[in-house]
Amino acid sequence: MSQYDEYLGESLSALMDGEASDLDTRRVLKALALEDSQNAMLMRDKWRRYQSVSSVMKGDVICKVDYSVDITRAIAEEAIFKVNPLVKILSSSGRLAIAASVALVAVLGVQQFNLPAESTDQAAGFAYIDETSVEGLVGPANQLPAGWAMSEELQVRTVSADSVEKDIYSEEDARAYLAYVLAKHASKAPYVRSQGMLPYARMETRTTITDQE
Amino acid sequence: MTAIFVSVPVLAQQSKEAYELVEGMIDASKTLNYSGLVTYEKAGRLKTSKILHLNREDGTFQQLTHLDGPAGQFSWRRTSGDCGLDTTQDKKADLLSTLTSSGFERLKASYTLEIRGQSRVAGREATTLLLKPKDSFRLPYFVAIDNQSNLMLMSVILSLAGKPLERFQFVEIEVGGDLDSMTVGDAELNAEVSCDAGSKPQPLGDWTVGWVPPGFLLTDSEKEPIIGESILSFSDGLSAFTVFIESVRMSKKIPPFTFSQGATAAVSAKLKNEEDEFTVSVVGEIPADAAKKIAQSVSHTSKLLKLP
């Protein structure tokens with residue numbers, strides 16, 4: 001038995017006892033990854049033996065059927081659901097290329113509408129800075145931008161009382177969708193000629209939406 | 001009494017000047033070649049970009065290069081005029097036109113124009129102008145127009161209470177000169193917008209937007225056949241908003257939300273049609289209340305038919 005095998009045995013034993021370090025776990029998983037190798041088979045046998053001994057000691061029933069192969073196959077055959085529909089949208093039409101390439105991440109600021117009336121001549125001053133916008137500046141790029149809020153009152157309307165379902169939404173999808181609609185809108189608005197290239201200026205670089213996956 | 005007699009013609013004169021100024025600005029953006037450095041500012045953040053705008057016989061070429069943050073350059077060429085926007089003779093002109101001659105009439109119907117004085121932007125003398133909405137469904141604009149070229153040098157979108165929400169401003173601009181003879185390679189293009197059938201408004205299909213603020217007309221619509229997303233764009237000649245109606249499958253992923261940043265508001269709401277739940281999102285440079293009202297007015301055409 002090589003030094004490595006010895007370490008492997010110890011790691012497996014530690015894993016069995018729930019005392020494995022990260023290194024132990026990684027070593028075992030690495031050995032098991034080579035499914036057909038002799039080491040992997042030995043390890044699987046050893047693991048099964050350890051489990052049997054443990055079961056006997058606890059007075060549990062020993063299971064002799066090995067489900068692992070079937071489980072592995074089942075997992076491999078399982079359809080992949082985690083595909084962001086936005087990516088599909090973006091890749092499905094050439095005309096959306098702009099939106100895809102300039103996915104907007106406008107990560108700053110909250111607009112407030114109930115501001116006290118003041119002279120419009122302030123326009124020469126700086127664009128309004130909201131107190132909370134600093135959070136947007138320092139927050140990680142993958143969080144929802146400031147100014148975003150789930151709306152309760154708009155959640156479901158014209159819905160019959162018996163079918164209210166509370167869907168669980170992923171923040172990632174919400175963020176990708178928001179970026180998508182903002183970019184798409186910005187790419188359409190330039191048709192309004194008076195604004196010239198202003199709507200384009202609203203776009204912000206972000207390699208692609210898929211990078212956020 | 002004398003004051004009244006004096007002020008009425010003065011105001012009329014001023015308003016006429018303001019209209020001429022805006023018309024001149026529209027013409028300038030269609031005919032002049034210009035490039036320059038611009039700043040775009042909102043919510044306490046400043047972004048700088050370089051802009052190139054060339055009008056050629058075969059279309060308009062536009063390029064925007066980001067000078068800070070992540071590097072990026074975007075180029076567009078719009079061929080054959082303005083994709084229907086200038087084709088006022090077109091049968092669908094009433095639906096399509098934005099800020100063309102007829103679009104300008106709409107702008108006048110929705111905003112009052114007021115000259116505010118003289119200013120200096122990007123080292124050039126400019127006239128400032130306030131476009132004040134006549135209702136609370138759109139936002140006021142404060143713009144500066146170059147006295148020499150008529151190009152828009154600054155545009156500030158204000159909240160209904162008059163607070164600046166975002167500002168777009170040239171810091172340096174070059175008009176004409178070498179730009180008139182400059183050639184542009186196709187390799188630089190990110191997107192080509194042409195006026196093929198695909199860019200013409202499509203039938204709205206199953207959905208109808210029940211209410212839009214007065215003066216807003218449909219400028220573009222498309223339906224994504226694979227995922228069933230409908231997109232409708234509206235403009236009043238100055239402001240614009242886009243309505244997205246997502247398929248049932250897609251809607252499961254999208255929470256209802258409200259979002260506002262700078263002058264842009266986005267509202268996403270759920271809409272139930274029989275057993276299916278759809279998502280309606282409205283995004284635009286309009287007040288959030290208006291966006292909400294628009295989102296809530298969207299309905300399935302089958303519902304309309306059932307009405308007595």
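Chain A contains nine helices and one strand, where helices (H or I, at least four residues) and strands (E, at least two) are DSSP runs numbered from the N terminus. The model is predicted, so that local features need pLDDT of at least 70 and side-chain atom pairs count only at pLDDT 80 or more, while totals for chains, interfaces and linings use all residues. Residues are numbered from 1 along each chain as its sequence is written, and chains are lettered from A and ligands numbered from 1 in the order in which they are written.

Read from the N terminus, the elements of chain A follow the order α-α-α-α-α-α-α-β-α-α. Of the 213 residues in chain A, 31% are buried; a residue is buried if 20 or more other C-beta atoms lie within 10 Å of its own, exposed if 12 or fewer, and partly exposed in between, with C-beta atoms placed from the backbone. Among the contacts in chain A with a separation of 6 or more, 60% are between residues 24 or more positions apart, two residues being in contact if their C-beta atoms, placed from the backbone, lie within 7 Å.

Within chain A, the axes of helix α1 (residues 3-16) and helix α3 (residues 38-58) come within 11 Å and cross at roughly 35°. Such axes are lines fitted to C-alpha atoms, for helices over the stretch in contact, and angles run from 0 to 180 degrees between N-to-C directions.

An open sheet of seven strands draws on both chains, in the order β1(A)-β15(B)-β16(B)-β17(B)-β14(B)-β13(B)-β12(B), with antiparallel pairing; two strands pair if DSSP finds at least two bridges between them. At the edges stand β1 (148-150) of chain A and β12 (217-224) of chain B, each with a single partner strand, so one side of each is left without a neighbour in the sheet. Direction ignored, neighbouring strands of this sheet are turned by 15° against each other on average. Seven antiparallel bridges link β12(B) with strand β13 (residues 229-235) of chain B, and L217(B) stands opposite S235(B) in β13(B). Helix α5 (residues 288-297) of chain B packs on the sheet, where it touches β14, β15, β16 and β17 of chain B, and its direction makes about 20° with that of β16(B).

The largest nonpolar core has 79 residues, of which L178(A), V143(B), L153(B), V280(B), V282(B) and A291(B) touch the most other members; a core of this kind is a set of buried Ala, Val, Leu, Ile, Met, Phe, Trp, Tyr and Cys residues joined through C-beta atoms within 7 Å. Helix α8 (residues 171-188) of chain A gives the most to this core, with 10 residues. Apart from neighbours within four places in sequence, V280(B) is in contact with V243(B), I245(B), A269(B), L271(B), A295(B) and V298(B).

T279(B) lies in strand β17 of chain B and is buried, because 23 other C-beta atoms are within 10 Å. When residues up to four places away in sequence are not counted, T279(B) touches E246(B), S251(B), I254(B), S268(B) and K270(B).

Elsewhere in chain B, strand β1 (residues 34-42) is joined to strand β9 (residues 164-175) by nine bridges, and the two run antiparallel; G36(B) has I173(B) as its bridge partner in β9(B). Nine bridges in the antiparallel sense also pair β1(B) with strand β2 (residues 45-56) of chain B, and in the hairpin of these strands, which has two residues between them, A43(B) takes a positive phi near 50°. A122(B), although not a glycine, has a positive phi of about 55° and counts as partly exposed, because 19 C-beta neighbours lie inside 10 Å.
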